Amino acid sequence: MFSLDETQQSGTKKFEELVPSRYALKVGEIDALVVSDGVLPLPTSTMATNAEPADLANWLSDMFMPPDKYDWPLNVMVARSGDQTILIDAGLGGQFSGFPRAGQFPQRLEAAGIALESVTDVILTHMHMDHVGGLLVPGVKERLRPDVRIHVSAAEVKFWTSPDFTRTVMPNPVPEVLRSTAKSFYEEYRDKLQTFEDTREVAPGVIVRHTGGHTPGHSVVDLVSGGERLTFAGDAVFPVGFDHPDWQNGFEHDPEEAARVRMRLFQELAQTGGLLVAAHLPFPSLGHVAVDGEAFRWVPIIWDY
């Protein structure tokens with residue numbers, strides 16, 4: 001299992017944190033690690049663009065959240081299955097100066113004793129800047145293995161050749177940075193991309209599947225082993241989505257389809273009892289989903305020290 005002892009074994013420098021921003025668990029025989037990349041300060045209006053302002057204000061108040069701007073968590077994962085070490089999403093990197101508290105993934109991975117050189121595969125849920133930007137940080141590509149495989153859906157790669165933002169509601173500077181980051185990522189890593197259509201088993205029990213919705217090529221990742229299951233949902237799930245799965249997020253390129261994807265995912269998780277992790281749920285973002293009338297209820301796990 002991932003542990004701090006690996007810091008000494010890997011020979012990497014140890015970064016001290018007041019609160020370690022990583023959480024390790026086992027899913028059957030698969031070792032998993034949730035890593036916080038930091039937080040993104042965003043206007044609260046982006047989390048429910050089709051809701052009545054008063055309804056959103058009431059929800060924010062009920063959740064003890066500020067009315068205008070909130071810190072949107074950003075999580076990535078690492079899984080170890082057999083002889084493969086798989087990075088799932090790569091955080092923000094330094095792509096946007098408006099998010100100075102994110103982009104922590106490289107040093108936090110190092111603090112956990114996981115060397116970039118050990119990563120055999122990278123799975124990207126989609127190509128928004130807060131999921132691929134960490135791969136563009138100076139010094140990261142140079143440390144990745146020459147034969148590293150980067151798995152992303154074919155639909156996602158195709159979308160970013162000519163992205164459509166007409167149905168999104170984002171802060172003004174963001175769309176252009178998303179475009180430029182996706183373009184830079186593709187130019188930098190195109191020879192390492194392993195595209196897929198519907199599903200792919202990247203390693204034993206590590207399965208990526210295309211969902212669409214948030215972006216046309218958005219995917220989720222399932223860890224399945226020993227009768228246990230964990231789903232990394234990428235951006236299919238946001239905190240408000242449990243109470244209001246039909247509320248649309250401003251970063252969704254197809255809001256109606258994103259809502260349908262969210263509903264199907266919640267129903268699946270409620271039925272199977274599997275664990276959920278998502279990019280933008282509060283760290284460590286581990287819990288279960290329960291049906292609550294016509295909506296859902298988030299049940300966080302109790303941390304296991």
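Analyst: A strand here is a DSSP run of E, at least two residues long, numbered from the N terminus. The model is predicted.

User: What makes β3 and β14 part of the story of the second largest pocket?

Analyst: The run 69-81 is β3 and the run 295-300 is β14, and each supplies at least two residues of that pocket's lining. β14 gives the most, with four residues.

User: Which residues lie nearest the centre of the second largest pocket, and how many line it?

Analyst: The lining has 22 residues, with M63, P239, L281, P282 and W298 nearest the centre. The space inside comes to about 380 Å³.

User: What makes up that lining by class?

Analyst: There are 18 nonpolar residues, one polar and three charged.

User: Why are β1 and β7 called edge strands?

Analyst: The open sheet has seven strands in the order β1-β2-β3-β4-β5-β6-β7, with mixed pairing. β1 (22-27) and β7 (193-196) each pair on one side only, and that makes them the edges. From one strand to the next, the twist averages 25°.

How values were computed: Residues numbered from 1 in each chain as written. Predicted model: local features only at pLDDT ≥ 70, side-chain atom pairs only at ≥ 80, totals over all residues. Heavy atoms only, no water. Pairing = 2+ DSSP bridges. Axes fitted to C-alpha atoms, helices over the stretch in contact; angles between N-to-C directions. 1 Å grid on protein atoms, 1.4 Å probe; cavity = no way out; pocket = protein on both sides within 12 Å on 5 of 7 lines; lining within 4 Å. Points joined across faces, edges and corners; volume = space filled by probe spheres on them. Nonpolar A, V, L, I, M, F, W, Y, C, P; charged D, E, K, R; others polar.
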